[in-house]
Amino acid sequence: MTVRPILRWPQPVLRRAADPVAEIDDEVRQIWDDMVETMYAMPGVGLAAPQIGIGRQIAVVDASDTHDVALRLANPEVIEASEDVSVFPEASPCLPGVNAEITRPERVTVGFLNAEGVRVTQTFTGLWATSVQHQIDHLNGRMYFDNLSRVKREMLLKRAKKVAS
Amino acid sequence: MKRMALREILIHPDPRLKKPCTPVDDITPELRKLADDMLETMYDAPGVGLAAPQVGVSKRLLVMDCIKEEGVPPRPMALINPKITWASDALSTYEEGCLSIPEQYGDVERPAEVTVTWTDLDGAQQEETFDGLWATCVQHEIDHLDGKLFIDYLKPLRRQMITRKMVKLKRERARA
């Protein structure tokens, strides 16, 4: 397993929709392994393949404190979302130094190809739900701050510019 | 996705701000994360320097960026195990403040220039001579690593007055 370098926003691969994965082969499994390693090194609670320069619908999530229950997802899509919302401060290694509170459905049911290549559905809550949605945003070419109002988004980008050397 | 990185800044009086910190002997991912979080917390405050004990970590690590001018690129620095190896005879006085002592300021006289050695986040040894605000800031932050605050340079009466105000502030914040 290798820690991969993380791209900085606004690299084009972070701004376009990723391609679906046709099947779970050794290459995808290798990408997953590297992504898990990279996520723990950040440290973070999730990572999407475009963040390491791969425009494919591959993601990993682990919102545990123990860092040992990484979930591997391919082609994830939200099937059902709760009306209840939750707010978590979110940040991304693609844009260091800033974060923002993002409101998202508190509970989502997501369909995806799991590590065995089987299509499954799973319901997530809390930080898991937030991180899964954050990854799906990435796979759609969106960053968490694209969910902010225009003014707030621009303020965040301005601050990020100031923090970057 | 990363979790929010802002750390809570301790407010004086707090025993953790009085305790000398232990040297860093290993640059772990946690230490890098701490340095990142401290920079973010410092910019957010906003401030020009922050020492690890101010966020409750008793380690010899400080961050600073004294660039204040608009249009000048920022210069975030993280100094591990910093040491002053030379100080000028010439002194300069700055009205100092501290993120752990909000809204209180006092004139402190310190060497105008200092040479500091430290380890950077890549583990490389660094040395630089600082002047102006940078010199004041780095000395102020290294003081933190030795459990010392800028108010320790003020007259006892003034120091006690500030401390009383901070006790009151903490009480109000706890109630809010």
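A: A definition comes first: a residue is buried if 20 or more other C-beta atoms, placed from the backbone, lie within 10 Å of its own, exposed if 12 or fewer, and partly exposed in between. Of the 176 residues of chain B, 36% count as buried. This is a predicted model, in which local features need pLDDT of at least 70, side-chain atom pairs count only at pLDDT 80 or more, and totals for chains, interfaces and linings use all residues. Residues are numbered from 1 along each chain as its sequence is written, while chains are lettered from A and ligands numbered from 1 in the order in which they are written.

Q: How many helices and strands has chain B?
A: Chain B has 3 helices and 8 strands. These are DSSP runs numbered from the N terminus (helices H or I, at least four residues; strands E, at least two). From the N terminus on, their order is β-α-β-β-β-β-β-β-β-α-α.

Q: How many residues of chain B are in contact with chain A?
A: 15 residues of chain B are in contact with 19 residues of chain A, contact being C-beta atoms, placed from the backbone, within 7 Å.

Q: Which element gives the most on that side of chain B?
A: That is α1(B), with 6 residues.

Q: Which strand of chain A is joined to β1(B)?
A: Strand β4 (residues 85-91) of chain A is joined to β1(B) by 2 bridges, and the two run antiparallel. Strands pair if DSSP finds at least two bridges between them.

Q: What is the bridge partner of E90(A) in β1(B)?
A: The partner is R3(B).

Methods: Two residues are in contact if their C-beta atoms, placed from the backbone, lie within 7 Å.
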